[in-house]
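Subject: Structure handover

Hello,

Here is the structure we spoke about, followed by notes on what was found in it. Please read the notes with the structure open.

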Amino acid sequence: MTEMEAFIADLPKVELHVHIEGTFEPELMLAIAARNGLAAPFPSVEEARAAYAFDDLQAFLDLYYAGMNVLLDARDFHDLTLAYLERAHADKVRHAEIFFDPQAHTGRGVALATVMEGICGALAEGERRFGITTRLIPNFLRDLDEDSAMACFEACLAHRQNICGFGLDSAERGHPPSKFERVFGRVRQEGFHVVAHAGEEGPAAYVSEALDLLGAERIDHGVRAMDDEAVVGRLVREGVVLTVCPLSNVRLRVVSDMAGHPIGRMLERGLKVTINSDDPPYFGGYIGDNFRAVEQALGLDRTALAAMTHNAIDGAFIDAGHRARLHAEVDAYTGG
Ligand code: HPA
Ligand code: ZN
């Protein structure tokens, strides 16, 4: 291990952009399919991994939704979530804000209460065992209509003690934030935080819409904002945290290769960039792998890497004391 690899391995990390259904390792997917008496989407782990070659976001989403079909019971969601936390712990993740897609489960007959029981039980266990604190953020599927998102939101209110905010994910192109103005009005009215995927495959204008029309406090991805200098200027001025997912961007061809990833230029420009994994087994790596890939391709130094963890701490939906403790942990590690 090089000195830089060792620095990255033990750097305390905060992950703000990870979809729990997208952390489904093929081994676990096959095991859960078998115990539920279901046909797995892939006959073997090797064939699953071989199928994870995508031309665009939709090609990934097709496999992502197929994979989660084997999740039926609370125990399934528990095992999925605990496996992520165990892996995140190995990467020195200290705090994680986790997305899930309620409509992708209720739409196939799995009750929201079942999903919540499994995920929340595992989050509590993960905090006890690994000391990882978490927040949970349901995302509305933007390729469904706003009435469906509204019904999802109202159902989530029964679980509000376990939810810190709401987001927007799935197929971006042709589904602008403006489609969800009303439901995010309700989200804010009820006092929840707001995030939104924007500027992944969609244009920089969707980033502006997410801020203006939805009240988004963080932008998930946001890399396409770099196409529009006015949008970049605004994001810098307002200190908006961007949850960038480098390996995801390469695998979904949002960028041509890691050497061409704009994350270094984004940092230099003063954007509050963070590094995240999105859907790790599908895109070839967890948060540590994302840090390593960026460092190797772009040669970012320790200060830049630690700055991205500080940015994530600033963007986390936690109280001031918790925020100060996390900053201090990173400072103690870097000697900063
Ligand atoms: N983009 C949009 N929707 C998603 C993603 C993503 O990377 N992962 C899971 N749902
Ligand atoms: Zn995502």
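A residue is called buried when its relative accessible area is under 20%, and exposed when that area is over 50%. Please keep in mind throughout that this is a predicted model.

The arginine in strand β6

With that cut-off, R218 counts as buried because its relative accessibility is 1%. R218 belongs to strand β6, which covers residues 218–221. Two partners of the R218 side chain can be named. One is the side chain of E97, with which the R218 side chain makes a polar contact at 2.8 Å. The other is the backbone oxygen of G315, which lies 2.8 Å from a polar atom of the R218 side chain.

The ligand and its surroundings

Which residues surround ligand 1? They are H19, L57, F60, L61, Y64, D169, S170, H197, E200, H221, D278 and D279. Sorted by class, this shell holds four nonpolar, four polar and four charged residues. Helix α4, running over residues 57–68, gives the most to the shell, namely four residues.

Ligand 1 sits in the largest cavity. From the side chain of H19, an N or O atom is 3.3 Å from a nitrogen atom of the ligand. With S170 the backbone takes part: one of its N or O atoms lies 2.8 Å from a nitrogen atom of ligand 1. For D279 the side chain is involved again, with an N or O atom 2.9 Å from a nitrogen atom of ligand 1. How much of the accessible area of ligand 1 does the protein cover? On its own, ligand 1 has 260 Å² of accessible area, and the protein covers 100% of it.

Two residues with positive phi

S170, already named as part of the shell around ligand 1, has a positive phi of about 80 degrees, although S170 is not a glycine. S170 is placed in the loop between β4 (165–169) and α9 (181–189). Is S170 buried or exposed? S170 counts as buried, because its relative accessibility is 6% and the cut-off for buried is under 20%.

R253 also has a positive phi, of about 60 degrees, and is not a glycine. R253 is found in the loop between α12 (246–251) and α13 (263–268). With a relative accessible area of 56%, R253 is exposed, since the cut-off for exposed is over 50%.

F283 lies in helix α14, which spans residues 280–283. At 1% relative accessibility, F283 counts as buried. F283 and S248 are 35 residues apart along the chain, and their C-alpha atoms are separated by 5.3 Å.

Q103 has its place in helix α6, made up of residues 102–106. Q103 is buried, with a relative accessible area of 7%. Between Q103 and C156 there are 53 residues of separation in sequence, and the distance in space is 11 Å from C-alpha to C-alpha.

When you go through the model, S170 is one place to start: its backbone lies 2.8 Å from a nitrogen atom of ligand 1, and its phi is positive, at about 80 degrees.

Regards

Definitions and conventions
Residues numbered from 1 in each chain as written. Chains lettered and ligands numbered in written order. Predicted model: local features only at pLDDT ≥ 70, side-chain atom pairs only at ≥ 80, totals over all residues. Heavy atoms only, no water. Near = heavy atom within 4 Å. Polar contact = N/O pair within 3.5 Å; in protein donor to acceptor, adjacent residues only side chain to side chain. Areas by Shrake-Rupley, 256 points an atom, 1.4 Å probe, with all protein chains shown as cover. 1 Å grid on protein atoms, 1.4 Å probe; cavity = no way out; pocket = protein on both sides within 12 Å on 5 of 7 lines; lining within 4 Å. Sits in = over half its atoms within 2 Å of the grid points. Nonpolar A, V, L, I, M, F, W, Y, C, P; charged D, E, K, R; others polar. Buried < 20%, exposed > 50% of the residue type's maximum accessible area, 1.4 Å probe, protein only.
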